Amino acid sequence: MVPAISYDPRQNLNLRKDHGIVVVEEIEGLIKVYNNGHIERPPIVPNVPPNSLPHVTSKDVIFHNPTNLWSRIYLPTNNNPSKKLPLLIYFHGGGFSVGSAAWKCYHDFLSTLASKIGVVIMSVNYRLAPENRLPAAYDDGFHAITWLKNQAMVNSKEQNWWSSKCNFSNMFISGDSAGANIAYHVAIRHNNNNMKPLCLKGVILIQPFFGGESRTQSEKYSVQPPYSALNLSASDTYWRIALPVGSNRDHPWCKPRLSSMKFPSVLICISEMDILKDRNLEMCGVLGDAGIKVEKHVYKGVGHAFHILHNSPLSQPRTQDMMSHLKAFIYNQ
């Protein structure tokens, strides 16, 4: 049975004439949540199958049988076959409640990234809210890490097509938007567990999605371009859908928290016209004050998720810049 979804009665509600069903949460074009537990996610972005391109091969693999969780693995084929490649674990964005590792925009971006910078990529398809509220996505991310640990130790024939080309001791965790939030929390959990032979060398956060009840300057005053994938109303809705029932945006999962263990170097990619810009800059300060090595890049003239949307004149050149920064970060750790 699908659980009923709690809602804030202060929100504007849309009433459907049939049976009085109420839409309790909505982000136009992306998700509708009804008071009877029904969820609608219009196919705004097409799903595409894995494929073999001139310079990269991709396949889908199950990494957690109890929940049938899967990931899409990308192996570049244009590199020295005798050289083992870094491993990048990637979590897609979507406010914890929409998106897929099969979305065409992510498939295209990660195929290009794997080929361009020379890394094996595991793109994790985690469970979505509100059917599975946080910390479900964090748990799924850690299941992916645990599966990788087993692959590194067992070296199964089934996964040999990519695992034999992968340097498990040179691992990076990354994601964009809500996926960057997941990446951060998974990295903290990884650091508090013995995951040898995996070795986490760095964390890459692209426009990380964090929040708070108090508004930042960029949340209050930045004018969002039409090609930005996030506005303040949608941000608030995503948090209501994803957080445990009764929580607000001051919940610990909305804010960077530090591990008592040594944390690796962090790269934070920030969009100048993103409502999250100030929170991303604050995060750089929080991590830096804790003694963590932080590298940041601010991309001028672009909004949230520019690297997968490509719907402004600056998107593609800024995406190329970001890929160059990711490559330099990975190969300099």
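Biologist: What is the strand order of the open sheet of nine strands?

Modeller: The order is β5-β6-β7-β9-β8-β10-β11-β12-β13, with mixed pairing. This is a predicted model: local features need pLDDT of at least 70, side-chain atom pairs count only at pLDDT 80 or more, and totals for chains, interfaces and linings use all residues. Residues are numbered from 1 along each chain as its sequence is written, and side-chain values use heavy atoms, without hydrogens and water. Strands (E, at least two residues) and helices (H or I, at least four) are DSSP runs, numbered from the N terminus.

Biologist: What makes β6 and β7 a pair?

Modeller: Pairing takes at least two DSSP bridges between two strands. Strands β6 (residues 56-64) and β7 (residues 69-76) have eight, in the antiparallel sense. At V61, the bridge partner in β7 is S71.

Biologist: Why is the pair W147 and W162 called stacked?

Modeller: Rings of Phe, Tyr and Trp (its six-membered ring) pair if their centres lie within 6.5 Å; planes under 30 degrees apart count as stacked, over 60 as edge-to-face, the rest as tilted. The W147 and W162 centres are 5.9 Å apart and the planes stand at 25°, so the pair is stacked. Both W147 and W162 are buried (under 20% relative accessible area; exposed is over 50%, partly exposed in between; 1.4 Å probe, protein chains only).

Biologist: What makes Y184 and F263 tilted?

Modeller: Their planes make 55°, at 5.7 Å centre to centre. Y184 lies in helix α4 and F263 in the loop between α6 and β12, so the pair ties together parts 79 residues apart in sequence.
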